Amino acid sequence: MRLLSLCRSIHITTNFTPTPFYMSMAANTATGDLISPSTTKLGWIGTGVMGSSMCSHLLKAGYAVNVFTRTQSKAQSLLSMGAHWFDSPRSVAAQSDVVFSIVGYPSDVRHVMLDPTTGALSGLRPGGVLVDMTTSDPSLAEEIHAAAASAGCFSIDAPVSGGDRGARSAFLSIFAGGEQSVVNRLTPLFDRLGRVYYMGGPGKGQFCKLGNQVTIASTMVGLCEGLIYAHKAGLDLSNYLNAISTGAAGSKSLDLYGNRILNRDFEAGFYVNHFVKDLGICLRECQNMGLALPGLALAQQLYLSLKAHGEGDLGTQALVLALERLNNISLEPTKSDSKGEKEA
């Protein structure tokens, strides 16, 4: 009897199936233990103006990061910091618990996330998390969320605001949509990039970012029109900006871009091409909602004119060029201006 009891005990023991390490780690990522460099492997897709700086903060925090970008050389600075390069989003995801993406257009998001052959979701293990930080269509965020859920995974839409400076200084505003419990688990990662705001279910992060872009569009028009007006009135533009920055006209856009405009620094912290894309998404959503936002429509037309002049790769502060052309003036000091000031 003792031998029979022992055999039964052995049989019960040998029927035990251990939980794979990656599954327990992925489950912890979504629902349990804190994320940390010792327990969580990260994937990063997209190393442009914003993505490279953002990814670098995670590397500096000690996380193991797997990187994919279409041009490997663009990831060189991250590789020199210890990141590992892979040749597809799928291969990145296969070695990661949480996969971030920040790419250009919704079509890019769809490709890197959902492509059945090379997309991240096709390689992500059950319990893994996709985090798309691109400004994209809310409907696409909902689609990715549904696809991830069907695969036993999670998806968060988490577009950001703050531009290149916010990315470099880890001071971005992050608008998150999806399951709140998953967003809460990801907070140690988001904290390395800026401050996260939970906005609601799938797609709500994107809706918040689009509202952000509506606000920025009209603010940029106001900033540039104010400069055009002040110039025509004969004011010193540097003094003008200093004067209004501490009053009701002060804004983040003025702080970030006022002096860049005066210095004719149109290098992209955020590309005109991408802003036109964002405003186009905003207008489509307005049509779906039955909203009329004429300020948004005007800003989109002005930015489209920059694209028509081949200026799509400049930063959003280049809006002043469209208004200069419209008024046949330039804020750029000329030799004749300097000569006139000396004579006066």
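Me: At what angle do helix α14 and helix α15 pack, and how are their axes placed?

Reply: The model is a predicted one, and the values here are computed from it. In it, helix α14 covers residues 272-289 and helix α15 covers residues 294-308. α14 passes α15 in a left-handed crossing, and their axes lie 9 Å apart, with a packing angle of about 150°.

Me: Which residues of α14 and α15 meet, and how do the residues of this contact divide by class?

Reply: On the α14 side, the contact is formed by V272, N273, F275, V276, L279, C282, L283 and C286. These meet L296, A297, A299, Q300, Y303, L304, L306 and K307 in α15. Taken by class, the residues of the contact of α14 with α15 divide into 13 nonpolar, two polar and one charged.

Me: How are α11 and α14 oriented to each other, and why?

Reply: The axes of α11 and α14 come within 10 Å and cross at roughly 110°, and the crossing is left-handed. Since angles of 65 to 115 degrees count as roughly perpendicular, α11 and α14 are therefore roughly perpendicular to each other.

Me: Which residues make that contact, and how many of them are nonpolar, polar and charged?

Reply: From α11 come F207, L210, Q213, V214, I216 and A217, while α14 contributes F275, D278, L279, I281, C282, E285 and M289. Sorted by class, the contact of α11 with α14 has 10 nonpolar, one polar and two charged residues.

Me: What is the orientation of α11 to α13?

Reply: Helix α11 spans residues 204-232 and helix α13 spans residues 252-262, and their axes come within 11 Å and cross at roughly 40°. That angle makes α11 oblique to α13. As for its hand, the crossing of α11 and α13 is right-handed.

Me: Which residues do α11 and α13 bring together, and what is the class make-up of the contact?

Reply: T219, M220, L223, C224 and L227 in α11 meet a set in α13 made up of S253, L254, Y257, G258, I261 and L262. By class, the contact of α11 with α13 has eight nonpolar residues, three polar ones and no charged ones.

Me: How many cavities of 30 Å³ or more are counted, and what lines the largest cavity?

Reply: The count comes to one cavity of 30 Å³ or more, and the largest cavity has a volume of about 50 Å³. The elements that give two or more residues to its lining are α8 (138-150) and β6 (154-157). The lining divides into four nonpolar, two polar and two charged residues, and its members are M113, D132, A141, I144, H145, S155, I156 and D157.

Methods
Residues numbered from 1 in each chain as written. Predicted model: local features only at pLDDT ≥ 70, side-chain atom pairs only at ≥ 80, totals over all residues. Heavy atoms only, no water. Axes fitted to C-alpha atoms, helices over the stretch in contact; angles between N-to-C directions. Helix = DSSP H or I, 4+ residues; strand = E, 2+ residues; numbered from the N terminus. Parallel < 35°, antiparallel > 145°, perpendicular 65-115°, else oblique. Left-handed = near helix turned anticlockwise from the far one by under 90°. Contact = heavy atoms within 4.5 Å. Nonpolar A, V, L, I, M, F, W, Y, C, P; charged D, E, K, R; others polar. 1 Å grid on protein atoms, 1.4 Å probe; cavity = no way out; pocket = protein on both sides within 12 Å on 5 of 7 lines; lining within 4 Å. Points joined across faces, edges and corners; volume = space filled by probe spheres on them.
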